[in-house]
Amino acid sequence: MKTFMNEDFLLSTKTAQKLYHEYAECMPILDYHCHLNPQEIYEDRKFENITQVWLGADHYKWRQMRSNGVEEKYITGDATDREKFQKWAETLEMAIGNPLYHWSHLELKKYFGYDGYLNGDTAEEVWNLCNAKLQEAGMSARNLIKQSNVTLVCTTDDPVDSLQWHQKIAEDDTFDVQVLPAWRPDRAMNLEKPDYLAYIARLSEVSNVKVESFSTLIEALKVRMDFFAQNGCSISDHGLEYVMYRPASDEEVEEIYAKRLEGKTIRYEEALKFKTAYMVALGKEYQKRNWVMQLHYGVKRDNNQKIYGEIGPDTGVDCINNFAPSSEMADYLNALAVNDELPKTIIYSLNPVDNAAIGTIIGCFQGPEAVGKIQQGSAWWFNDHKTGMTDQMISLANLGLLGNFIGMLTDSRSFLSYTRHEYFRRIMCELIGGWVENGEYPADYKTLEKIVKGISYNNAVRYFGFDL
């Protein structure tokens with residue numbers, strides 16, 4: 001029997017072990033999609049205790065604590081940090097087979113040197129160990145990024161953001177990790193939201209373009225894109241219910257938008273037409289600017305209205321949405337490709353059932369402009385576990401070129417989450433090593449090294465074109 005989480009954790013064959021230890025393990029991390037707070041990076045935040053850095057904004061953990069019958073007081077309420085940590089420790093011991101069990105222990109091992117097991121009985125020991133360690137200078141926000149071997153971070157930022165913290169970081173020559181903004185314009189698209197008109201007023205103010213029509217909305221966003229580009233941005237990200245395509249004439253789109261600006265209710269079909277026009281217009285802009293477009297979809301958010309009303313969004317009450325017509329996504333990409341206006345695009349679905357559909361669609365729109373121009377994104381959110389990652393890579397390998405895959409994204413608010421890249425790389429090496437051991441791919445280590453290092457890091461550097 002293997003010991004828990006030894007050096008060959010998740011690596012069952014000699015080939016997998018060689019691929020990981022000789023090729024993947026040493027590669028840096030390109031954190032091209034995360035939700036870290038740039039202010040905390042600039043101010044080099046130090047955490048008082050492990051609860052702050054581990055549980056403060058982690059709805060993955062909150063969700064499992066509720067599943068263990070923990071009162072909300074000990075999750076997002078007014079319990080002490082020590083009490084919250086105790087409840088998490090008691091929850092974790094029940095999480096056999098859950099990636100949180102692996103991630104938590106990888107983090108304890110890497111950042112705190114703890115080789116034991118966290119549970120209700122060991123919580124006091126781990127609490128004291130971690131809190132003592134967190135007082136060391138090397139455990140500040142910047143140093144956690146540095147010791148994780150991260151070369152570049154892309155945060156997630158709204159078009160109206162001042163980007164002041166990114167500017168301050170860029171001016172600080174004591175920190176050599178690039179921290180760049182990524183453009184997340186969902187609030188300008190979601191015209192059905194109650195606060196939409198207030199948001200548009202803010203967009204008008206910061207862009208100096210009075211938004212009074214659909215065309216001026218796009219003009220205001222272009223002004224802000226220019227500002228983001230001046231601050232190093234070259235990546236956009238869209239959180240969608242699904243990738244829709246309901247085309248309408250320019251006149252009809254303007255009529256729909258004018259109706260919303262007047263404060264009138266928009267029908268669902270009208271919203272889809274507006275959102276289609278919005279996504280087409282922005283896609284064209286991304287192509288002009290050589291920006292990468294990310295499309296995240298397949299989630300139904302804020303399902304528990306009681307919790308949403310008390311705590312707000314991103315608190316662990318989201319689920320997979322199984323409505324995502326692949327035909328509309330293909331039509332959307334085609335609407336851009338027909339006039340050579342399709343940017344480099346990464347497509348992620350929260351529903352693993354969509355893997356094959358994505359794999360076949362991306363093959364329709366590849367071209368010589370970039371290697372793997374249209375990518376299937378890494379297994380995301382509810383899928384970033386051993387089965388989900390393996391299934392996504394197998395599907396991509398079956399239908400496309402796994403060797404050109406840009407690999408793992410962090411997608412986290414925690415400075416300790418970089419062990420997810422280790423987790424991914426071990427799973428990737430186990431998969432590829434198994435194929436080699438089974439005679440499905442030759443033991444051609446020159447090519448295998450290129451593939452493994454590419455998926456780990458090099459492909460993303462090439463794809464995004466960062467100056468590293």
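Me: Where does Ser-414 lie?

Reply: Ser-414 sits in the loop between α18 (386–399) and α19. Helices here are DSSP runs of H or I with at least four residues, strands are runs of E with at least two, and both are numbered from the N terminus. Before we go on: this is a predicted model, where local features need pLDDT of at least 70, side-chain atom pairs count only at pLDDT 80 or more, and totals for chains, interfaces and linings use all residues. Residues are numbered from 1 along each chain as its sequence is written, and side-chain values use heavy atoms, with hydrogens and water left out.

Me: Is Ser-414 buried or exposed?

Reply: Ser-414 is buried, because its relative accessible area is 10%. Buried means under 20%, exposed over 50%, and partly exposed in between, with a 1.4 Å probe and protein chains only.

Me: What does Ser-414 touch?

Reply: Leaving out residues up to four places away in sequence, Ser-414 touches Leu-36 and Val-53; contact means heavy atoms within 4.5 Å. Leu-36 and Ser-414 are 378 residues apart in sequence, yet their C-alpha atoms are 6.6 Å apart in space. A polar atom of the Ser-414 side chain also lies 3.1 Å from the backbone nitrogen of Leu-416.

Me: OK, on to α19. Which residues is Thr-419 in contact with?

Reply: Thr-419 is found in helix α19 and is in contact with Trp-103, Leu-106, Glu-107, Lys-110 and Tyr-111, leaving aside neighbours within four places in sequence. Thr-419 counts as buried because its relative accessible area is 1%.

Me: Helix α4 next. Which of its residues are buried?

Reply: In α4 (residues 59–67), the buried ones are His-59, Tyr-60, Lys-61, Trp-62, Met-65 and Arg-66. Their cover includes α3 (50–55), α5 (81–92), α6 (99–112), α15 (305–311) and α19 (419–437).

Me: And what happens at the start of α4?

Reply: A side-chain oxygen of Asp-58 reaches to within 3.0 Å of the backbone nitrogen of Tyr-60 there. Just after α4, Gly-69 has a positive phi of about 75°.

Me: Speaking of phi, which residue other than glycine has a phi near 65°?

Reply: That's Asn-149, whose phi is positive. Asn-149 belongs to the loop between α8 (141–147) and β2 (150–154), and it counts as partly exposed because its relative accessibility is 36%. Leu-163 is not a glycine, and its phi is positive too, at about 60°. Leu-163 is in the loop between β2 and α9 (164–171), and it counts as buried because its relative accessibility is 0%.

Me: Another serine, then. Where is Ser-213 found?

Reply: Ser-213 is in the loop between α11 (196–207) and α12 (214–230). Ser-213 is buried because its relative accessible area is 16%. Not counting residues up to four places away in sequence, Ser-213 touches Glu-254, Tyr-257 and Leu-261.

Me: How long is the polar contact between the side chains of Ser-213 and Ser-215?

Reply: The polar contact between those two side chains is 3.0 Å. A polar contact is a pair of N or O atoms within 3.5 Å; within protein, one must be able to donate a hydrogen and the other to accept it, and residues adjacent in sequence count only if both atoms are side-chain atoms.

Me: Zooming out, how many helices and strands does the chain have?

Reply: The chain has 20 helices and nine strands. Of its 468 residues, 56% count as buried. The C-alpha atoms fill a box of roughly 70 × 55 × 45 Å along the principal axes.
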